[in-house]
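Dear colleague,

Please find the structure below.

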Amino acid sequence: MVEDCVNAVGVDVNTASVPLLARISGLNQTLAQNIVAYRDENGAFDSRKKLLKVPRLGEKTFEQAAGFLRINGGKEPLDASAVHPEAYPVVAKMLAQQGITAAELIGNRERVKQIKASDFTDERFGLPTILDILSELEKPGRDPRGAFQTASFAEGIHEISDLQVGMILEGVVSNVANFGAFVDIGVHQDGLVHISALSNKFVQDPREVVKAGDVVKVKVLEVDAARKRIALTMRLDDEPGGAKHKMPYENRSRERTAGRKPQRNDRAPANSAMADAFAKLKR
């Protein structure tokens with residue numbers, strides 16, 4: 001699908017058309033028109049941060065879409081890469097360690113290879129995320145289409161109204177945020193797999209489990225057609241209606257023995273956690 005390719009490769013926000021921008025994860029026709037209108041009136045964007053000045057483009061939309069919107073020749077060299085703005089502080093630490101600028105590091109394979117990924121992991125960014133950042137710094141703007149996969153969408157499922165709770169579908173991850181992953185299941189509206197529903201194990205960083213372009217199987221937990229919201233889970237044994245997912249017996253036993261408090265994934269049912277995420281999400 002066009003959406004899959006656009007979200008895998010990214011687009012130049014200063015040259016992209018309204019139809020192309022509307023394909024970006026987190027954007028729609030109205031926001032795409034607003035971006036182009038702002039660009040026409042104020043000139044080319046010189047930083048990703050300027051996108052926050054576009055009418056109706058809020059923080060949550062920015063978080064979802066920014067990594068796919070490229071700005072070439074802007075104030076911040078990283079704006080031309082797939083590195084998400086929320087990861088810029090991590091790159092800043094790498095630059096400080098190496099004693100060079102972003103422009104000197106990006107595309108410099110030898111310099112990138114000198115960076116030890118484990119030195120930059122923390123509670124927010126796990127090792128897989130740091131490795132992805134280094135990969136992008138080494139080969140910025142690389143085109144992944146040669147190895148790109150697309151999902152086999154279910155026949156007869158074309159609109160959100162075609163979905164039924166309990167369906168198990170194949171989809172492709174369109175974007176990953178701190179609170180979970182958005183998955184395209186072929187109905188022109190991405191569904192949300194909350195971080196609590198990504199795995200049977202505790203997940204600290206969704207990027208440790210999935211990345212944009214991954215083909216995954218999901219179960220439909222809830223559909224709100226009026227608000228265009230779809231709650232999904234990658235834990236296929238989860239039951240719709242908020243039933244709490246049970247950990248494997250050995251894991252429950254180990255936690256009791258160690259006296260550990262329940263981890264975040266076990267504190268609330270996937271449905272209620274996703275409801276909280278949807279409530280905060282301004283799309």
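Which residues does Leu21 touch, not counting residues up to four places away in sequence? They are Val11, Val13, Ala16, Leu27, Ala32, Ile35, Val36 and Leu69, where contact means heavy atoms within 4.5 Å.

This is a predicted model, in which local features need pLDDT of at least 70 and side-chain atom pairs count only at pLDDT 80 or more, while totals for chains, interfaces and linings use all residues. Residues are numbered from 1 along each chain as its sequence is written, and side-chain values use heavy atoms, with hydrogens and water left out.

The average pLDDT (the predictor's confidence in each residue, from 0 to 100) is 82 for the protein, and 78% of the residues score at least 70. Over residues 143-148 the pLDDT falls below 50, and this stretch has eight contacts in the model beyond near neighbours in sequence.

Leu21 lies in helix H2 (helices are DSSP runs, H or I, of at least four residues, numbered from the N terminus). Leu21 is buried, with a relative accessible area of 0%; buried means under 20% relative accessible area, with a 1.4 Å probe and protein chains only. From Leu21 to Ala32 the C-alpha distance is 5.3 Å, and the two are 11 residues apart in sequence.

Methods: Helices (H or I, at least four residues) and strands (E, at least two) are DSSP runs, numbered from the N terminus. Buried means under 20% relative accessible area, exposed over 50%, partly exposed in between (1.4 Å probe, protein chains only).
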